[in-house]
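Here is a short briefing on one protein model. Keep the sequence and the 3D view open as you read.

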Amino acid sequence: MSSLHYHTAGESHGPMLTAILEGMPSGVSIAEASINEQLKRRQGGYGRGQRMQIESDHVKVTSGIRFGKTLGSPIALQVENKDWKNWMPLMSPFGRPSAQRAVHCPRPGHADLAGGIKYDHHDLRNILERASARETTMRVAIGALVRQLLEVFDIRLYSYVRSIGDVSVLTPCPPLKKLQAFANQSPVHTYDSRAAKKMMALIDQVRKKQDSLGGTFEVIVTGVPIGLGSHVNWEKKLDALLAQSVMSLQAIKAVEIGLGVEAGRRWGSKMHDEIFFSRARGFYHKTNNAGGLTGGMTNGNPIVVRATIKPISTLYQPLRSVDVVTKRPQRATIERSDICVVPAAAVIAENIVAYTIAQVFLEKFGGDSLRELKRHYSESMKLQRYY
Ligand code: EPS
């Protein structure tokens with residue numbers, strides 16, 4: 001298992017969100033601004049609700065970094081919830097709860113009911129506060145931090161939205177540098193401006209109907225060396241690790257690698273990426289249907305992960321539910337929410353993937369300091385060149 005590990009804590013409307021990351025080598029330059037930039041990207045996207053107008057997420061580093069460089073010790077991060085001041089009476093660590101404001105009607109599709117039964121809570125706020133996607137703030141902060149280590153080795157991450165509801169991109173994906181520039185400017189984080197207009201019109205229509213929308217997105221990682229992950233055991237396979245980490249993002253219902261489900265429709269001869277060799281490039285593939293992963297290992301091609309996110313489960317026209325106290329039929333509780341979070345989910349997944357790549361990268365090359373890690377990396381690359 002990789003030495004890199006983190007934990008997060010924090011409720012959506014509690015005082016703050018916290019994360020502790022352990023296992024970063026010493027000597028890695030970290031820019032606070034780069035973490036805040038990713039946090040800002042996470043807050044964006046057409047279809048968000050009012051919460052994002054209240055928050056302006058900024059990271060506070062309280063340990064593990066000194067004068068912009070990692071020390072090798074645990075790194076502690078905090079992000080304040082500005083909304084906390086509006087929720088203090090309801091979200092106080094001590095004192096008495098308000099019986100009138102308890103949440104009793106679980107939202108179909110949300111963690112409310114199963115979590116309430118599992119943890120024996122009848123005020124479902126005790127579940128929804130932690131199940132909330134607000135928690136992804138810290139996962140993005142962690143991803144934004146570790147990708148500064150990946151960038152030293154020229155590993156870069158990109159993402160874009162492929163579809164929202166039944167509206168999909170129609171043109172092929174542009175070169176990656178252009179893709180990121182287009183996607184970052186687009187309110188729906190995509191490169192196809194005609195599709196973007198239709199996606200926004202659909203979000204407007206669904207907002208009027210007080211409903212919600214899901215969609216699909218793609219994350220691409222370039223610069224990954226051959227041999228991250230391993231075929232030797234199930235828990236070392238990088239495709240499986242990526243599936244787990246991306247699936248753990250709230251509301252994700254499917255994760256695909258490369259061609260994904262389309263692979264099941266193709267004949268073998270039209271699926272597998274043929275192998276070529278040249279003195280200049282070494283072994284290479286001209287196609288990337290495998291999405292950069294064969295046998296659970298990186299094969300030198302960019303990693304391509306696609307995912308599908310379901311529509312947000314809070315509906316302003318709530319679905320049928322049952323009061324967990326009276327057991328009588330009741331419409332689900334309305335919690336303030338978003339209409340569509342597909343653009344934000346793409347940005348979050350990009351940073352989640354960065355963390356998983358950093359884990360396997362450090363597992364393969366290892367080192368307590370960046371200098372040691374660089375030496376291991378270049379030795380390994382030399383060996384690969386003489387294979
Ligand atoms: C979110 C914060 C939440 C929601 C959304 C994402 O804030 P609030 O509940 O105060 O509006 O906007 O959460 C969910 C989609 C969810 O299922 O809980 C955020 O910071 O991204």
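This model is predicted. Start at Phe217. Leaving out residues up to four places away in sequence, Phe217 touches Tyr160, Val161, Arg162, Leu249, Ile252, Val305, Arg306, Ala307, Val342, Ala345, Ala346 and Ala349.

**Nonpolar cores**
- A second, separate core has seven residues, including Tyr160, Leu179, Ala183 and Ile220.
- The largest nonpolar core holds 76 residues.
- Phe217 is among the residues with the most contacts inside that largest core, along with Leu21, Met24, Ile164, Ile303, Ile357 and Phe361.
- Helix H11 gives the most to this core: 15 residues.

**The sheet**
- Five strands form an open sheet in the order S8-S7-S9-S15-S10, and their pairing is antiparallel.
- Strands S8 (167-168) and S10 (252-257) are the edges, each pairing on one side only.
- Strand S9 (residues 215-222) and strand S15 (residues 303-309) run antiparallel and are joined by seven bridges.
- Thr216 has Thr308 in S15 as its bridge partner.
- Helix H9 (residues 238-247) packs on the sheet and touches S10 and S15.
- The direction of H9 makes about 155° with that of S10.

**Helix H1 against helix H11**
- The axes of H1 (residues 32-43) and H11 (residues 342-365) come within 7 Å. They cross at roughly 150°.
- From H1, Gln38, Arg41 and Arg42 take part in the contact. They meet Ala344, Val347, Ile348, Glu350 and Asn351 in H11.
- By class, this contact of H1 with H11 has three nonpolar, two polar and three charged residues.

Methods: Residues are numbered from 1 along each chain as its sequence is written. This is a predicted model: local features need pLDDT of at least 70, side-chain atom pairs count only at pLDDT 80 or more; totals for chains, interfaces and linings use all residues. Side-chain values use heavy atoms; hydrogens and water are left out. Axes are lines fitted to C-alpha atoms, for helices over the stretch in contact, and angles run from 0 to 180 degrees between N-to-C directions. Helices (H or I, at least four residues) and strands (E, at least two) are DSSP runs, numbered from the N terminus. Contact means heavy atoms within 4.5 Å. Ala, Val, Leu, Ile, Met, Phe, Trp, Tyr, Cys and Pro count as nonpolar, Asp, Glu, Lys and Arg as charged, and the others, Gly among them, as polar. A nonpolar core is a set of buried Ala, Val, Leu, Ile, Met, Phe, Trp, Tyr and Cys residues joined through side-chain atoms within 4.5 Å. Buried means under 20% relative accessible area, exposed over 50%, partly exposed in between (1.4 Å probe, protein chains only). Two strands pair if DSSP finds at least two bridges between them.
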